[in-house]
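Hi everyone, thanks for making time this morning. I'd like to walk you through one structure, so please have a look at the screen.

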Amino acid sequence: MKQSSLPRAWPHAPSYYAASAHPAPARPPAEGHRRHQICVVGAGFSGLSTALALAERGYDVCVVEASHVGWGASGRNGGQLVNGYSRDLDVVAARYGRTAAAALGAMAFEGADIIRDRVHRYGIDCHLRDGGVFAALNRRQLDALVERVTSWQAHGHDALEILDEHTIRAHAATDRYVGGLLDRRGGHVHPLNLALGEAAAIEALGGTIHEQSPVVSIEHGPVASVHTERATIRADTLVLCGNAYLGNAVPALRDRVMPVATQVMATEPLGAETAARLMPAGTCVEDCNYMLDYYRMSADHRLLFGGGTVYGGTTPADIQARLRPHLARTFGELANVRIDYAWSGNFALTLTRIPHLGRLADNVYFTHGYSGHGVTTTHLAGVIVAEAIDGSPARFDAFAALRNHPFPGGRLLRVPLSVLGSWYYRAREGLGL
Ligand SMILES: Cc1cc2nc3c(=O)[nH]c(=O)nc-3n(C[C@H](O)[C@H](O)[C@H](O)COP(=O)(O)OP(=O)(O)OC[C@H]3O[C@@H](n4cnc5c(N)ncnc54)[C@H](O)[C@@H]3O)c2cc1C
């Protein structure tokens, strides 16, 4: 694998994205005492989207990042712009009522459009492509997709098309699927280059980003404080966006999400002809299994193939061994293809699989827990957090009103993962989720 060819000092996971990232400026750690209107903790898509939306509105924003821009899930994910949430809207309606479902339904396709708008407005070079497919492995999954279309259409979203076993082959030339759903407003990007482009846009609008500045604690008050080892940043408003990597820095959020690891590998370049034969439409695909496979072609015609799920968020010893059988089942001719990069990262799961947005105090906001589908929803969350701070909280409050169950106890998150995984399913069943 090519991972050893990455620069020694490169801070990111050993991913294809890190190896093909655009150059980024050094962003010095925070030092001393600083004062800003807004302080955002975490420079993943949640933090960057929030900061950019606020900077666009003229706020003085400072982002504090433990590692580097896009270091977390945002810079190493499958790059798939998946609209909707990890829970279907009819489940939201059944659990939280029609008003909640209507509010979330109206926003369900906005995230990908926010990304498109920013890519165009700021000229971000991240190989944005349109179109995403949900692939059904059996009749039951296809029936569920048909129901999902009906539900989404009822909320006004209609750039959707049901695919049969033949038409889905324009998206993935495999006989694994009985059909699928094409979302024309979905798509895919190079996520690390999107994050780096958004960071540059924040700075161009006057915002500040400090890297290598892990926040160790926060202090509430009319002016809140964020403490790193070398700095104290005082701000009128804090926004906490550490997601699966926040750890113990904010105890009140620790048990609200569980870190879950998922993995991606990148093949050697396959050549334009093979890439066009395997995925003719140039869309991205995810299947409908709970522990799903997801894949797409990169700009240089590699297949980026993701899957695998580790509850608790540890990196498996042999990523290739986990993913290669799934790749071989999907595209038999790639069974022995060379893998150039393989990496793992953590997303944050909520017990309800609905994103968790809220306030710890009047001036301390948080957003996390996208439950595996966060590329679009982080962008939406950032915009609606910014709206709330700017005096229009209705859309934020629609999310914040949804009750989110805590995982019982931070210590439990450190028990053997198999126990935790099975506990998770039992707890969900017990709560009727
Ligand atoms: C391998 C993988 C594949 C995925 N594929 C897809 C996909 O194809 N489509 C999709 O929709 N979703 C996908 N996801 C999920 C998606 O990437 C995430 O939901 C999303 O990126 C979360 O963004 P975030 O900004 O909330 O968190 P992150 O991107 O994880 O960012 C959090 C940031 O906060 C920083 N931080 C944490 N604690 C502190 C602290 N104390 N002080 C300062 N900074 C701190 C971290 O260093 C990190 O940079 C995938 C996730 C993974 C891991």
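I'll talk about the ligand and its surroundings, and then about a pair of helices.

One thing to keep in mind throughout is that this is a predicted model.

Let's begin at the ligand. How many residues surround it? There are 37, and the closest are Ser46, Glu65, Ser74, Gly78 and Val215. Ser46 also comes up when we look at polar atoms: an N or O atom in the side chain of Ser46 sits 2.7 Å from an oxygen atom of the ligand. The backbone takes part as well. A polar backbone atom of Val375 is 2.9 Å from a ligand oxygen, and a backbone N or O atom of Gln80 is 2.9 Å from a ligand nitrogen.

So how much of the ligand does the protein bury? On its own the ligand exposes 1,000 Å², and the protein buries 97% of that. If you sort the shell by class, you get 16 nonpolar, 19 polar and two charged residues.

Now for the helix pair. Helix H3, residues 89-96, packs with helix H4, residues 98-107, at an angle of about 145°, and their axes are 7 Å apart. The crossing of H3 past H4 is right-handed. Which residues make the contact? From H3 we have Leu89, Val92, Ala93 and Tyr96, and from H4 we have Arg98, Ala100, Ala101, Leu104 and Gly105. By class, that contact has seven nonpolar residues, one polar and one charged.

That's my tour, and I'm happy to go back to any part of it.

Conventions
Residues are numbered from 1 along each chain as its sequence is written. This is a predicted model: local features need pLDDT of at least 70, side-chain atom pairs count only at pLDDT 80 or more; totals for chains, interfaces and linings use all residues. Side-chain values use heavy atoms; hydrogens and water are left out. A residue is near a molecule or strand if one of its heavy atoms lies within 4 Å of it. A polar contact is a pair of N or O atoms within 3.5 Å; within protein, one must be able to donate a hydrogen and the other to accept it, and residues adjacent in sequence count only if both atoms are side-chain atoms. Accessible areas come from the Shrake-Rupley method with a 1.4 Å probe; for residues, only the protein chains shown count as cover. Ala, Val, Leu, Ile, Met, Phe, Trp, Tyr, Cys and Pro count as nonpolar, Asp, Glu, Lys and Arg as charged, and the others, Gly among them, as polar. Axes are lines fitted to C-alpha atoms, for helices over the stretch in contact, and angles run from 0 to 180 degrees between N-to-C directions. Helices (H or I, at least four residues) and strands (E, at least two) are DSSP runs, numbered from the N terminus. A crossing is left-handed if the near helix is turned anticlockwise from the far one by less than a right angle, and right-handed if clockwise. Contact means heavy atoms within 4.5 Å.
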